[in-house]
Amino acid sequence: MHSTFVRPLNAIAVMASGKGSNLRVILDAVQAGTCPVDVRLVISDKEHAQALQIARAAGVAQVEFINPKDYASREAFDAACCERIETVGCQWVVLAGYMRILSDVFVQYFSGRVINVHPALLPSFVGADGVGDALKYGVKISGCTVHLVDEVLDGGPILAQMAVPVLEDDTRETLHARIQQAEHQLYPETLRRLVTQAFEISGRRVIWQSQA
Ligand code: GRF
């Protein structure tokens, strides 16, 4: 498969379940003028997620807790999120510590328009505990990956990666903190590239076009 994408539009929805530090650095980059996106909507599946407070404090227009318990199935919950994202008019969905696995229906609906940041160098250490799994395995280098989301968990084409060392006295917490420093550089920067720079996907390879 060989296809070219050029994305002229840049309204995004962010989905987050946790403390929202990646959301915060994206909002900071927007504010600083270094990431030309319009964060139109922030959705959380957790009522008290700090991400929601960060979004409200930054003045994001639509900040919504959508309660999974109000829906009969994962698909029904995802359909409700889809509907909100469409209604608000977002072209991109940015996952920032979103802890639910997206259903195929969601991924197919926004095919090629959902990105995620994972706290390991994919394809190593997929899943919910990429940091702990890397530490237990004993790798000396880990890092973070920004990737397109497809139907395979943590399996979509890789947009960008950044490596960090694993130190002898690392705990899960210290390693995650170092990886998050890398995420905080890489995620806003990759989002900027995504909306300003064309790329091709050849097989699994994302090939960024040189900028004019
Ligand atoms: C990040 O480490 C990210 O890699 C993972 O979840 C964490 C979210 O952190 N997917 P935060 O909520 O953005 O601080």
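Modeller: Helices (H or I, at least four residues) and strands (E, at least two) are DSSP runs, numbered from the N terminus. The model is predicted, so that local features need pLDDT of at least 70 and side-chain atom pairs count only at pLDDT 80 or more, while totals for chains, interfaces and linings use all residues. Residues are numbered from 1 along each chain as its sequence is written, and side-chain values use heavy atoms, with hydrogens and water left out.

The largest pocket has a volume of about 820 Å³. A pocket here is an open set of points, on a 1 Å grid over the protein atoms alone, where a 1.4 Å probe fits and protein lies on both sides within 12 Å along at least five of seven lines; lining residues have an atom within 4 Å of a point. The volume is the space filled by probe spheres set on the points, which are joined across faces, edges and corners. There are 38 lining residues, and those closest to the centre of the pocket are G97, Y98, M99, N116 and V117. Two or more lining residues come from each of helix 1 (21-32), helix 4 (104-109), strand 6, helix 5, strand 7 (141-148) and helix 6. Helix 6 gives the largest share of the lining, 4 residues.

D129 is partly exposed at 24% relative accessibility, and R172 is partly exposed at 31%; buried means under 20% relative accessible area, exposed over 50%, and partly exposed in between (1.4 Å probe, protein chains only).

A second salt bridge links D170 with R178, whose closest N and O atoms are 2.7 Å apart. D170 is buried, with a relative accessible area of 11%.

K136 is exposed at 69% relative accessibility, while D133 is partly exposed at 29%. The structure has 7 salt bridges by the stated rule.

Another contact involves R193, whose charged end sits over the ring of W208, 4.3 Å from its centre. This requires CZ of Arg or NZ of Lys to be within 6 Å of the ring centre and within 35 degrees of the ring normal. R100 is placed in this way over the ring of F77, at 4.4 Å from the ring centre.

Finally, the cysteines. The whole structure contains 0 disulfides, a disulfide being a pair of cysteine sulfur atoms within 2.5 Å. For C81 the nearest cysteine sulfur, that of C82, is 7.7 Å away; for C144 it is that of C35, 15 Å away. C81 is buried at 0% relative accessible area, and C144 is buried at 0%.

Notes. A salt bridge is a side-chain nitrogen of Lys or Arg within 4 Å of a carboxyl oxygen of Asp or Glu.
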